Amino acid sequence: MTGLLDSLGLAQSAELLSLSPPGWGRNLLRGLSHSLQIAFGAYALGLVIGLFGAYGKLYGGKVTRDLLAIYTTVIRAVPELVLILILYYVGSDIINKISAAMGGGRVEINGVAAGIWVLGIVQGAYATEILRGAIQAVPLGQIEAAKSYGMPAIMTMRRVTIPAMMSFAVPGLANLWLIATKDTALLAVVGFNELTLETRQAASSTRAYFTFFLAAGFLYLMVTLFSGVIFARIEKWARRGQPSLTGAGR
Amino acid sequence: MDTAKAVANSDEASLNQEAIKVEDLHKSFGQLEVLKGVSLTACKGDVVAIIGGSGSGKSTMLRCINFLETPSSGKITIGGELVEMHADGSPSNRRQIERIRTRLAMVFQQFNLWTHRSLLENVIEVPVHVLKVPKSQAIVRAHELLERVGLGDKADTYPAYLSGGQQQRAAIARALAVDPSVMLFDEPTSALDPELVGEVLTVIRDLAAEGRTMLLVTHEMKFAREVANHVVYLYEGRIEEQGPPAEVFGNPKSDRLKQFLSSVA
Ligand SMILES: Nc1ncnc2c1ncn2[C@@H]1O[C@H](COP(=O)(O)OP(=O)(O)OP(=O)(O)O)[C@@H](O)[C@H]1O
Ligand SMILES: [Mg+2]
């Protein structure tokens with residue numbers, strides 16, 4: 001093993017990436033773990049916002065619909081990097097003002113929580129549109145059938161609309177998840193030690209830019225491939241009951 | 001006056017027998033007045049066939065009865081219980097509407113089965129989740145009902161893998177699962193290929209024979225004549241003529257009905 005790495009001139013890289021000091025491997029993995037926590041949290045928050053947003057856009061009153069239209073338009077129009085800067089600094093400013101008003105001192109903003117909120121709000125705008133489209137694609141007759149059998153509105157949403165819209169929503173939601181994992185890298189600009197920032201620090205301390213960014217790229221790629229497998233399963237489940245184009249039975 | 005059925009001058013007993021009573025029902029879509037004062041009574045065990053040209057308001061009337069469509073005005077009484085309505089016709093008591101709807105099972109032209117659920121799941125859905133019947137009990141009953149409509153071996157199949165006739169029979173099983181006091185059929189065979197119509201009509205004929213109360217919108221005149229004990233002819237939102245099938249089909253009085261019957265014959 002060592003012989004092979006030596007002959008390829010990779011021994012140094014292996015050492016730099018090793019998990020125990022002086023290797024930086026542990027730092028990269030910690031960054032990855034932070035990135036995934038934020039991505040998960042933001043994605044979940046985005047789905048919740050998206051579900052309410054979609055229902056609000058479809059069935060809400062005029063004011064609700066206008067507010068949601070502003071939300072989704074603005075969020076999707078402004079570059080994510082700018083949004084992150086705005087939401088992060090405005091958010092922490094507001095929290096500190098509130099804290100000061102209540103006689104407290106400066107609040108230490110938790111990076112993971114802040115990242116989840118900031119990216120979650122961004123994700124929510126896209127999820128709103130994906131879910132709105134998916135809900136509209138559910139045949140009206142299925143919702144009407146539920147109604148005609150005395151199902152209350154919330155139960156209809158839970159038992160009929162949401163399961164029926166899943167097959168329309170999953171491809172879009174899978175994309176959104178991948179965007180979430182990659183958008184965590186943007187949090188590096190506010191000094192949050194997710195994978196990209198950890199990588200940059202490791203790289204600049206050791207001058208081994210190529211090694212570390214390649215390693216980070218590899219980690220992002222693994223996340224994507226693994227997500228692909230998971231979402232393929234989810235999609236298969238969501239499409240249950242629908243004959244596939246290739247005609248493979250159920 | 002177009003009060004529907006000659007209700008034997010309402011003594012208490014016959015009142016209790018009224019499954020559905022519609023009085024002076026009006027419905028407009030914007031400027032378009034689709035129902036212009038329809039009154040109709042169906043007693044327990046009645047099979048009322050509703051016929052009429054396209055756009056005459058048959059579906060609208062049926063849909064107003066379970067408030068899938070909000071009436072503009074009128075009175076609707078289901079099993080002796082008057083549905084509470086606001087002045088604008090919208091139901092004022094959501095709980096009451098939901099409760100009443102579970103007693104009125106609707107069978108749709110387009111079946112409207114839940115495509116992400118197997119036939120068995122479709123049939124147990126309302127009993128388990130709305131009526132709170134224990135699941136094991138609902139499953140036993142669902143198997144019986146699927147057996148009855150000839151789909152005993154399809155319980156685990158999803159609707160999309162079935163023919164239209166099979167889907168409609170499953171939809172009828174779903175309707176029976178709530179043990180409805182009235183079944184509402186809106187052109188149950190119109191979306192079917194001709195060779196599949198028979199199997200669905202056979203099921204409905206059986207239900208009529210066992211004394212189920214039904215309102216049946218249909219274009220199958222022969223069938224209406226055979227199973228109904230009362231026929232209502234709707235023309236442009238009004239009941240133009242009604243009576244026993246032998247009268248309505250055999251000896252129509254109104255010229256419009258005569259013309260309609262000759263056009264569909
Ligand atoms: N949601 C709606 N909005 C506006 N107009 C409607 C709506 N539903 C029905 N209508 C109109 O009401 C009239 C009656 O429609 P309805 O569906 O009750 O007719 P029908 O007798 O069932 O006809 P068919 O035999 O074609 O099913 C038609 O002119 C139709 O265009
Ligand atoms: Mg119709």
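A charge is taken to sit over a ring if NZ of Lys or CZ of Arg is within 6 Å of the ring centre and within 35 degrees of the ring normal. In this predicted model, B:Arg174 lies over the face of B:Trp114 at 4.4 Å from the ring centre, and B:Lys27 lies over the face of B:Phe29 at 4.9 Å from the ring centre. The model is predicted, and local features need pLDDT of at least 70, side-chain atom pairs count only at pLDDT 80 or more, and totals for chains, interfaces and linings use all residues. Residues are numbered from 1 along each chain as its sequence is written, chains are lettered from A and ligands numbered from 1 in the order in which they are written, and side-chain values use heavy atoms, with hydrogens and water left out.

Rings of Phe, Tyr and Trp (its six-membered ring) pair if their centres lie within 6.5 Å, planes under 30 degrees apart counting as stacked, over 60 as edge-to-face and the rest as tilted. By this rule the count comes to 5 aromatic pairs over all chains. The rings of A:Phe40 and A:Trp177 have centres 5.1 Å apart and planes at 40°, so this pair is tilted. Because A:Phe40 belongs to helix H3 (residues 25-59) of chain A and A:Trp177 to helix H8 (residues 153-183) of chain A, the pair ties together parts that are 137 residues apart in sequence; helices are DSSP runs (H or I, at least four residues), numbered from the N terminus. A:Phe40, A:Tyr43 and A:Trp177 form one aromatic cluster. With a relative accessible area of 54%, A:Phe40 is exposed, whereas A:Trp177, at 7%, is buried (buried means under 20% relative accessible area, exposed over 50%, partly exposed in between, with a 1.4 Å probe and protein chains only).

Note on methods: Helices (H or I, at least four residues) and strands (E, at least two) are DSSP runs, numbered from the N terminus.
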